[in-house]
Amino acid sequence: MEEYLVGLGDYAVISGKGIIKTLGLGSCVGVAIYDRINRVAGLSHVFLASANGRYRGDNPGKYADLAIPLLYEQMLREGAQPSFLQAKIAGGGQLFVGMEGPLLNVGAQNVQAVREQLKKLGIRLAGEVVGGNKGRSMSIDAATGIVTINTAGKVTVL
C-alpha cells in the first residue's frame, strides 16, 4: 500500500487505496476530509489560521483560509461529492505552556479557523483531537476513511 507524506503547509488527495500522513502537529492542525462513498481522501497540514495579507505567492497550503478550499476543490476533481464529505481534525496544541496571549495561542486560532472553513464549505466535522500541550501525527486510510492520531505514544482512532 502506498503512503504519502504531507509536510508543513502542504496537502494531498488520493482515491481508492493508500495512506496519507503528516507529522509534527503542534499548534498546526491536520485536516482529514473523506468521501465514504467514492473513497476519496484528503489531508492538509495547516500552519496558520489566515493568510491575512501575508500570502505572497508562497505555499497557500500554510493557511486555513486558503488550504481547505484548495483541498476541497482537489477532492472534487478526484471524484468526491460534496454531500458525502466529512472531516476529522487534530493538533492545535499550546506547546509553550505558561505563555498566554492572543499572539501565542496560535493552536486555538488555527482550530477555530479550520472549523469556520469546514462550516463555510458545508463539510461536517465528525471528530477531533485538539488542544493540549503535546505534538501529534495523523494519518487517513483512503480505503476505509479511518483516521489515526498518535499523541506521544497514545493512539486514537476516529
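Q: Which residues does leucine 118 touch, not counting residues up to four places away in sequence?
A: In this predicted model, leucine 118 touches Val31, Ile33, Ile68, Ala87, Ile89, Ile123 and Leu125.

Q: How do you know that the buried residues of H1 line one face of the helix?
A: The buried residues are Ala64, Ala67, Ile68, Leu71, Tyr72 and Met75. Seen down the helix axis, they fall within an arc of 130°, so they line one face of H1. An α-helix has 3.6 residues a turn, so residues three or four places apart point the same way.

Q: Which elements do the buried residues of H1 pack against?
A: They pack against strands E2 (11-15), E4 (29-35), E5 (40-46) and E6, and against helix H2 (106-121).

Q: How does the reach of H1 compare with the expected value?
A: H1 has 14 residues and reaches 20 Å from its first C-alpha to its last, close to the 20 Å expected at 1.5 Å a residue. H1 is followed by glycine 79, whose phi is positive, near 110°.

Q: Why is proline 82 called partly exposed?
A: Its relative accessible area is 38%. Buried means under 20% and exposed over 50%, so at 38% proline 82 falls in between and is partly exposed. Proline 82 sits in the loop between helix H1 (64-77) and strand E6 (85-91). Not counting residues up to four places away in sequence, proline 82 touches Tyr72 and Leu76. Proline 82 and glycine 122 are 40 residues apart in sequence, with 7.8 Å between their C-alpha atoms.

Q: Where do arginine 39 and alanine 152 lie?
A: Arginine 39 lies in the loop between E4 and E5. Alanine 152 is in the loop between strand E9 (147-151) and strand E10 (154-157). Phi of arginine 39 is positive, near 55°, in a residue other than glycine. Phi of alanine 152, also a residue other than glycine, is positive and near 50°.

Q: How do you know that aspartate 141 has no salt bridge?
A: The nearest side chain of opposite charge, arginine 39, is 8.2 Å away. A salt bridge needs a nitrogen within 4 Å of a carboxyl oxygen, so buried aspartate 141 has none. Aspartate 141 is found in strand E8 (residues 136-141). Its contacts, not counting residues up to four places away in sequence, are Met1, Gly18, Ile19, Tyr34 and Ile146.

Q: Why is threonine 151 called buried?
A: Its relative accessibility is 15%, which is under 20%, so threonine 151 counts as buried. Threonine 151 is found in strand E9. Not counting residues up to four places away in sequence, threonine 151 touches Val129, Lys134, Gly135 and Arg136.

Technical notes:
Residues are numbered from 1 along each chain as its sequence is written. This is a predicted model: local features need pLDDT of at least 70, side-chain atom pairs count only at pLDDT 80 or more; totals for chains, interfaces and linings use all residues. Side-chain values use heavy atoms; hydrogens and water are left out. Helices (H or I, at least four residues) and strands (E, at least two) are DSSP runs, numbered from the N terminus. Buried means under 20% relative accessible area, exposed over 50%, partly exposed in between (1.4 Å probe, protein chains only). Contact means heavy atoms within 4.5 Å. The expected span of a helix is 1.5 Å times one less than its number of residues. The arc is that of the directions from the helix axis to the C-beta atoms. Lys and Arg count as positive and Asp and Glu as negative; His and the chain ends are not counted.
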